[in-house]
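Please open the model in a viewer and follow the selections below in order. Each stop states what to select and what is found there.

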Amino acid sequence: MTAKDRVLMDYCRRIAAARSSLMMCSLKDLFYQEHRDFSRDEVRRAWERVLAGPGAAAGKRLRLYIHIPFCRKRCAYCMYSSDVLKRPGQLDELLDYLTRSGGYFSKTFAQNPFQEIYIGGGTPSLLTEERIESLLGSLRRSFRFAPGARFTFEMNPRDVTPGQARALKAFGCNRVSLGVQTMDAGLLRRINRGGQTPAAVKKAVSALLHAGIEEVNCDLLLGLLGDTPRSLLDSVRTLLDIGPTAVIVYSMQRQAQLRYFDADAADSFTPFMEGLESAVAPGLARLARERRYQLEKNAYAYSLSRGARTVETDT
């Protein structure tokens, strides 16, 4: 075994020790990070060794992550790998790429069903109903999924159609994460998400719940530049009126989002976030009590839910 093989094996073992994740990505990433200089063949062989090892699958949760790397436009705060979609044909090229990649790894995971599937982005909801059916059909042909597997699909509320919702439900999707970010129109324009309205969010939530999606959560961001405790709590209140199964308030992370925050504001960021959280926390607790939602908190987010599994603590 070469030194390069040992590094890759160690990388796969460390993933498997926590929660095994096969990442089907595109652009610069496909199952591995390009700067590690690992080929697809090397990654496949490493996973085969890890999965064949003693006790490799025992007690582990295999997770399949699919990255849809396109958006209509980039949000000001975004830290994820994505490009602006230039033509619809790029989506078809992506689906063909993912189908071939799924087939390539199919045999490797043939005896190991996935307990979770997460399709994120980018903006997965750029996929039409027909493209969603094409993608999910190819995944079902390539991989096995455990009964009751948790299946999450990220969506922009402005994109959601009843047809998309029905397609997701037909293929077993049981959780949709709507990237709302804020309900403040001025803030939405400032972060390059202008055009989202409360009516659009309500329509999206309604379509997904009507299709039978079990968990529909609306995500907000705490710490957007120009946001205040009052505007954040107003956003939460508006969403609770709409009635998703959960509202999740994620804290902005300065180190991960340096392009958004002023590089010279390092000293003021932590006090800013601590002050914002201390001002918001009592209001969130009050809203949870009033609306009979369950309030939970971890290092990254507050979750107001109706008992559904919401905040991802180990991704």
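Begin by selecting D159, which is buried because its relative accessible area of 10% falls under the 20% cut-off. In this predicted model, D159 sits in the loop that runs between β6 (145–155) and α5 (162–170). Next, display the surroundings of D159: leaving aside residues up to four places away in sequence, its contacts are R72, T123, S125, L126 and Q164.

Now move to G121 and G122. Which kind of peptide bond joins G121 and G122? The bond is cis, with omega at about 15 degrees. G122 belongs to the loop between β5 (114–121) and α4 (129–142). As background to this stop and to the two that follow, most peptide bonds are trans, and most residues other than glycine have a negative phi.

Select Q181 next, in strand β7 (residues 175–181). The backbone of Q181 has a phi near 75 degrees, a positive value in a residue that is not glycine. Is Q181 buried or exposed? Q181 is buried, since its relative accessible area is 12%, and the cut-off for this class is under 20%.

N192 is not a glycine, yet its phi is positive, at about 70 degrees. With a relative accessible area of 32%, N192 is partly exposed, because that class lies between the buried limit of 20% and the exposed limit of 50%.

Key: Residues numbered from 1 in each chain as written. Predicted model: local features only at pLDDT ≥ 70, side-chain atom pairs only at ≥ 80, totals over all residues. Heavy atoms only, no water. Helix = DSSP H or I, 4+ residues; strand = E, 2+ residues; numbered from the N terminus. Buried < 20%, exposed > 50% of the residue type's maximum accessible area, 1.4 Å probe, protein only. Contact = heavy atoms within 4.5 Å.
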